[in-house]
Amino acid sequence: MGEVSRGARALVVVPDIRNQSRDLDAEARLEEAKGLALAIGIVVAEGIVLPVRDVKPNTLFGSGQVENIATKCEQDEIELLVVDGALSPIQQRNLEETLKRKVIDRTGLILEIFGERAATAEGRLQVELAHLDYQQSRLVRSWTHLERQRGGFGFLGGPGETQIEADRRMIRTRMARLRKELEQVRKTRALHRERRGRAPWPIVALVGYTNAGKSTLFNRMTGAQVMAEDLLFATLDPTMRAVALPGIEKAILSDTVGFISDLPTQLVAAFRATLEEVTAADVIVHVRDMANPDAAAQKREVLDILSDLGVMDEDGISSIPIIEAWNKWDALSDERRAEIEPLATEDEDVIAISAVTGMGVDILTDRLGRLLTSGARRYAITLSAADGSRIAWLHAHGQVFDDIPADADGVQDGEGPFRTLDVRLTDKELGRFETLGDGATAEPLIRRA
């Protein structure tokens, strides 16, 4: 595909195809496409929406529209055409030959962004795999070196192998190797996820449309320094940090890759393992950019991806509790704030916040704490005073209200060889406690206090 040079002057074109339903209207898609171009350092000279009545198999646009694009490119010294849609290899090649300029479609542009932003080894593997998958269908170039053949003479050696076939074979071989490496990464990630599942710490996953403010909220809640800029896909690789919540000594906060409409299928498949982190969460915080006029359409896109991941059923019911954090409250006009404030107040699963100023973040953390401890109950647990490991475990993973000496029946006597702990545990934590090795001189006596 070749790299897109930073600083290149680009014309961004959104094809508005007749009878093709989209959540975002054409103007919103144009703004998003400009944002994608800016995210990779491209200079957007101009952006236009072109109505397409009938898709032309050779160029997508009609001949008159292609001529107008060519004229614009000449007048504005355009080096790159960005088409916010899917171009077939033939369409891309024909447009490049006609315009004498590089042409890139939405998939190619997002792949460029992901390729630049991938920071971890897994992220780079995923991006390269998606890139090669995209590239192998683009081997339709007509340069002369692709027509040469190599092989034996006459009928003994056969016709040989064209360069384009050799290129495809090398890509397939590389893709097979990448898939093996990614499979190993997935296994490792699954083991880590399983280990976290055995640990008592609840997981809170931040999800949302790209640029909704997830990373800013993540930094606000954890004190981390994750890259947070006003850019689409500012962060790509998932980040996890420990955070204290009311009633919970330690929880894991996970910042995931931002969602976007029409995410290329190659990337959905490649990043599935990363997105699957969401399915292991105890609570999902859906961060929404309420200052964006297309906030409702963006919400639908996020819920669609959650459905694809199996988090939501076909009736839209989530298997994991979801809290909506209505972000960028500081950026709302007075009219917009007055319009949506009653809606946020009425719904206990909606919290109005500003990740930048910190407004409402304490309310969000309180709500998370209450939600994660809602299934917790208090128990009186009697253990041998010598069973230090399980006593320490209860102090580390439960909320201990009292811990005093007792006799074998759990009666507090001030000096017995046993300890009775008044502790609050969730059912999940209680189950984990019961699976711990039996190192006590007496079986734990568990009863609700």
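**Salt bridges and a helix pair in a predicted model**

At 55% relative accessibility, Glu-74 counts as exposed (buried means under 20% relative accessible area, exposed over 50%, and partly exposed in between, with a 1.4 Å probe and protein chains only). This is a predicted model, in which local features need pLDDT of at least 70 and side-chain atom pairs count only at pLDDT 80 or more, while totals for chains, interfaces and linings use all residues. Residues are numbered from 1 along each chain as its sequence is written, and side-chain values use heavy atoms, with hydrogens and water left out.

Glu-74 has a charged partner: a salt bridge joins Glu-74 to Arg-101, with the closest N and O atoms 3.4 Å apart. The term salt bridge stands for a side-chain nitrogen of Lys or Arg within 4 Å of a carboxyl oxygen of Asp or Glu.

The structure holds 16 salt bridges. Another of them brings together the side chains of Glu-128 and Arg-174, at 2.8 Å from N to O. Glu-128 belongs to helix 5 (residues 121-136) and Arg-174 to helix 7 (residues 163-198), so this pair ties together parts that are 46 residues apart in sequence. Helices (H or I, at least four residues) and strands (E, at least two) are DSSP runs, numbered from the N terminus. Both partners are partly exposed: Glu-128 has a relative accessible area of 29%, and Arg-174 has 26%.

A further salt bridge is found between Glu-324 and Lys-299, again with an N to O distance of 2.8 Å. Here the link runs between distant parts of the chain, from Glu-324 in strand 11 (residues 322-327) to Lys-299 in helix 11 (residues 295-308), 25 residues apart. Glu-324 is buried at 12% relative accessibility, whereas Lys-299 is partly exposed at 26%. Salt bridges can also join into a network, as they do for Glu-32, Asp-84 and Arg-106.

Now for a pair of helices. Helix 14 (residues 388-397) packs against helix 15 (residues 427-434) at an angle of about 165 degrees, and their axes are 11 Å apart. Axes are lines fitted to C-alpha atoms, for helices over the stretch in contact, and angles run from 0 to 180 degrees between N-to-C directions. Helix 14 is therefore roughly antiparallel to helix 15 (under 35 degrees counts as roughly parallel, over 145 as roughly antiparallel, 65 to 115 as roughly perpendicular, and the rest as oblique).
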